[in-house]
Amino acid sequence: MVFRKPPDGGWGWVIVVVSFFTQFLCYGSPLAVGVLYLEWLDAFGEGKGKTAWVGSLANGIGLLASPVCSICVSSFGARPVAIFSGFMVAGGLMMSSFAPNIYFLYISYGIVVGLGCGLLYTATVTITCQYFDKRRGLALGLISTGSSVGLFIYAALQRELIELYGLDGCLLIVGALSLNILACGSLMRPLESSHSPPPEKTCGDKVADQYLVYHEKEKTVEENISILEKGYIDEKCANNVPGCKQDSILNKNILSSINVNEKDTYKKKVVEHTNFCKQLAKRKWQLYLTYWKETVVLFKNKVFSALFVAILLFDIGGFPPSLLMEDVARSANINEDDYYMPLISIIGIMTTVGKLILGILADFKWVNTLYLYVTTLLMTGVALFAIPFAKSYFTLAMLSGILGFLTGNWSIFPYVTTKTVGIEKLTHAYGILMFFAGLGNSLGPPIVGWFYDWTQEYDTAFYFSGFCVLLGGFLLLLAALPCWNACTNQSPKLPPNTYSYKVASNA
């Protein structure tokens with residue numbers, strides 16, 4: 001299907017609004033899971049690494065399943081996927097209120113809610129990119145702030161609900177709020193397809209297709225004769241001769257009474273149906289092979305290959321603070337009277353600011369979005385190294401704000417992906433990258449929790465996190481340097497809608 005030119009407005013702004021609220025409602029609780037994390041530690045008495053799996057699965061499983069989510073959105077459209085995912089998120093949150101142990105939460109909160117969030121994220125990003133071209137950076141920045149606003153509000157909301165109704169009541173109410181995703185999903189009207197007729201096949205292609213069909217029919221006649229005989233006899237016995245025995249004498253008597261024309265017609269139908277099934281299976285297999293061929297082509301792009309390593313390492317090291325920062329403050333013996341605002345709320349509001357500012361910057365022609373993304377990675381690594389030196393609420397709040405702002409680079413990541421591989425391959429490439437991002441999200445918090453269980457302090461864990469993020473940033477920077485193009489003495493043709501990362505020299 002060929003979509004018409006993105007309108008960059010009109011109903012696209014409705015898509016932005018409903019996508020904002022969709023991400024707000026689905027990601028609010030999983031991103032603010034640090035509040036629930038403390039309650040689960042006290043309720044189940046498990047280790048910090050083991051308990052951290054719940055939040056990491058909720059934020060990582062949807063990204064791990066991104067290739068499947070991309071296929072679902074491509075096959076069924078954003079609207080049906082969003083409505084179905086709304087039921088998953090709401091149901092998973094409500095089921096979690098009845099969790100008897102931590103293992104039940106792995107399934108209800110980690111897998112069910114996480115998979116629903118992954119489907120919703122892919123649906124909102126895909127339909128927004130279809131509706132916007134020139135203002136795509138702004139649109140993606142606006143919808144991605146929904147999750148950050150959700151983190152800011154849900155951090156305080158869940159804490160208040162726990163005090164009023166307990167942990168179980170909190171999860172039930174939050175699950176009920178998530179049902180509003182159904183209303184948002186119903187407004188995700190797909191972009192109308194263009195009415196231009198598909199390109200007509202050449203005479204050679206038509207002859208080849210006709211020969212293929214003829215060859216298949218000729219081949220399948222003899223193959224299905226035996227099946228035809230038995231199937232036809234079984235049908236006649238079931239309909240006209242109740243209780244007939246399947247023996248050779250009765251079969252011969254029935255076959256002798258069949259009209260020749262009727263038998264030929266039945267043969268023709270069976271052959272046609274068999275041929276259709278074979279052709280369908282061949283096309284599906286061809287699509288499968290094409291998918292893997294396109295995947296290999298994507299990884300031949302050195303920037304794309306470095307991008308998947310960077311996003312993996314960034315999520316291993318950069319995601320744990322949003323989940324564990326409250327426990328970091330409690331482990332540092334900070335007085336609760338010094339708490340003016342939850343640290344998770346600070347991360348959430350600054351992530352909103354970061355997504356907006358970075359999204360707006362991405363729309364300027366003089367800004368190289370890849371280098372902007374690399375800068376955020378390197379600064380995040382430095383901030384993670386500074387966490388072990390923060391021993392007061394003020395310093396932790398400052399670092400939380402810095403990390404939150406830099407985490408706003410999620411708003412420009414789809415933009416960078418689009419400019420790297422082109423809009424035509426966005427869904428495919430983005431699904432692959434989100435798989436590695438989900439892997440990092442799933443591994444990061446448990447690794448940090450295991451470091452704490454092993455050393456009884458968070459310092460070593462955050463040194464490790466900072467090293468991972470810095471390593472990913474440096475690798476991506478090396479892959480994007482313009483000197484590689486000069487060394488190859490080649491100017492490879494870029495696919496349509498791609499972006500050259502060579503820095504323009506000033507006159």
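Colleague: Where does glycine 28 lie?

Modeller: Glycine 28 is part of helix H1, which covers residues 11-31. Helices here are DSSP runs of H or I with at least four residues, strands are runs of E with at least two, and both are numbered from the N terminus. This is a predicted model, in which local features need pLDDT of at least 70 and side-chain atom pairs count only at pLDDT 80 or more, while totals for chains, interfaces and linings use all residues. Residues are numbered from 1 along each chain as its sequence is written, and side-chain values use heavy atoms, with hydrogens and water left out.

Colleague: Is glycine 28 buried or exposed?

Modeller: Glycine 28 counts as buried because its relative accessibility is 0%. Buried means under 20% relative accessible area, exposed means over 50%, and partly exposed is in between, with a 1.4 Å probe and protein chains only.

Colleague: Which residues is glycine 28 in contact with, leaving aside neighbours within four places in sequence?

Modeller: Glycine 28 is in contact with Gln23, Gly150, Leu151 and Tyr154, where contact means heavy atoms within 4.5 Å.

Colleague: On to helix pairs: at what angle do H4 and H5 pack?

Modeller: Helix H4 (residues 66-76) and helix H5 (residues 78-96) pack at about 125 degrees, and their axes are 7 Å apart. Axes are lines fitted to C-alpha atoms, for helices over the stretch in contact, and angles run from 0 to 180 degrees between N-to-C directions. H4 and H5 are therefore oblique to each other. Under the convention used, angles under 35 degrees are roughly parallel, over 145 roughly antiparallel, 65 to 115 roughly perpendicular, and the rest oblique.

Colleague: Which residues in H4 and H5 meet?

Modeller: From H4, Cys72, Val73 and Phe76 meet Ala78, Pro80 and Val81 of H5. By class, this contact has 6 nonpolar, no polar and no charged residues. Ala, Val, Leu, Ile, Met, Phe, Trp, Tyr, Cys and Pro count as nonpolar, Asp, Glu, Lys and Arg as charged, and the others, Gly among them, as polar.

Colleague: What does H17 reach from its first C-alpha to its last?

Modeller: Helix H17 (residues 393-407) has 15 residues and reaches 20 Å, close to the 21 Å expected at 1.5 Å a residue. The expected span is 1.5 Å times one less than the number of residues.

Colleague: Which helices do the buried residues of H17 pack against?

Modeller: The buried residues of H17 pack against H14 (320-331), H15 (343-362) and H16 (369-386). Among those buried residues are Tyr393, Leu396, Gly401 and Leu406. H14 is itself mostly covered, with 10 of its 12 residues buried, including Glu326 and Asp327. After H14 comes asparagine 333, whose phi is positive, near 60 degrees.

Colleague: And where is the place of asparagine 409?

Modeller: Asparagine 409 sits in the loop between H17 and helix H18 (413-421). Asparagine 409 is buried, at 1% relative accessible area.

Colleague: What does the side chain of asparagine 409 make a polar contact with?

Modeller: The partner is the side chain of threonine 376, at 3.0 Å. A polar contact is a pair of N or O atoms within 3.5 Å; within protein, one must be able to donate a hydrogen and the other to accept it, and residues adjacent in sequence count only if both atoms are side-chain atoms. Beyond neighbours within four places in sequence, asparagine 409 is in contact with Phe314, Leu358, Tyr373, Thr376 and Leu377.

Colleague: What about phenylalanine 389: buried or exposed?

Modeller: Phenylalanine 389 counts as exposed, at 64% relative accessibility. Phenylalanine 389 lies in the loop between H16 and H17.

Colleague: Last one: where is serine 56 found?

Modeller: Serine 56 is in helix H3 (residues 48-64) and is buried, with a relative accessible area of 0%. Not counting residues up to four places away in sequence, serine 56 touches Ile61, Phe319, Leu323, Asn441, Ser442, Pro445 and Pro446.
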